[in-house]
Amino acid sequence: MDFVTLEDIKTHLRLDDIVSEDTYLEGLGNAAEGLALTQINRTAEEVTEMSSKSQAQFKTLVLQICASMYAQREADSSAQLHVAPVTEALAFSLRKLSVG
């Protein structure tokens with residue numbers, strides 16, 4: 001993971017004392033970062049070049065996606081991932097628009 005740590009995820013999910021899910025949470029963090037980058041149409045390198053405020057917003061986006069994925073980890077696999085409107089708004093604010 002490039003933008004969040006395992007500790008960030010565990011704190012955000014309030015799982016500070018749970019060690020048994022560390023490997024799962026690391027995978028969740030990697031998946032969330034990839035999804036967040038796709039949502040904002042940017043590369044990891046572009047995110048690192050953003051302002052510190054925008055980087056903090058991106059980190060929040062990743063953590064929110066982690067929370068959504070963790071909350072829905074046992075849901076029907078054919079169901080679409082539900083992402084909170086605030087998470088979508090945060091992604092939209094960071095999205096790079098392409099021309100053409």
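1. Lys10 is buried, with a relative accessible area of 8%; buried means under 20% relative accessible area, exposed over 50%, and partly exposed in between, with a 1.4 Å probe and protein chains only. Lys10 belongs to helix α1, where helices are DSSP runs of H or I with at least four residues, numbered from the N terminus. Apart from residues up to four places away in sequence, Lys10 touches Leu15, Asp16, Ile18, Val19, Asp22 and Leu25; contact means heavy atoms within 4.5 Å.

2. The model is predicted: local features need pLDDT of at least 70, side-chain atom pairs count only at pLDDT 80 or more, and totals for chains, interfaces and linings use all residues. Residues are numbered from 1 along each chain as its sequence is written, and side-chain values use heavy atoms, with hydrogens and water left out.

3. The largest nonpolar core has 26 residues, and Ile9, Leu25, Ile40, Val47, Phe58, Leu61 and Val62 have the most contacts inside it. Such a core is a set of buried Ala, Val, Leu, Ile, Met, Phe, Trp, Tyr and Cys residues joined through side-chain atoms within 4.5 Å. Two or more residues come from each of α1 (6-12), α2 (22-40), α3 (44-48), α4 (52-71) and α5 (85-94). The most, eight residues, are given by α4.

4. Which residues does Ile40 contact, leaving aside its neighbours within four places in sequence? They are Val47, Phe58, Leu61, Ala91, Leu94, Arg95 and Lys96.

5. Helices α4 and α5 pack at an angle of about 145°, with their axes 10 Å apart. Axes are lines fitted to C-alpha atoms, for helices over the stretch in contact, and angles run from 0 to 180 degrees between N-to-C directions. On the α4 side, Ser54, Gln57, Phe58, Thr60, Leu61, Gln64 and Ile65 meet Thr87, Leu90, Ala91, Ser93 and Leu94 of α5.

6. There are two aromatic pairs in the structure; rings of Phe, Tyr and Trp (its six-membered ring) pair if their centres lie within 6.5 Å, and planes under 30 degrees apart count as stacked, over 60 as edge-to-face and the rest as tilted. The pair of Phe3 and Phe58 is edge-to-face because the ring centres are 4.9 Å apart and the planes are at 75°. Phe3 lies in the segment before α1 and Phe58 in helix α4, so this pair ties together parts that are 55 residues apart in sequence. Phe3 and Phe58 are both buried.

7. The rings of Tyr24 and Tyr70 have centres 6.3 Å apart and planes at 50°, so this pair is tilted. Tyr24 in helix α2 and Tyr70 in helix α4 are 46 residues apart. Tyr24 is partly exposed, at 37% relative accessible area, whereas Tyr70 is buried, at 11%.
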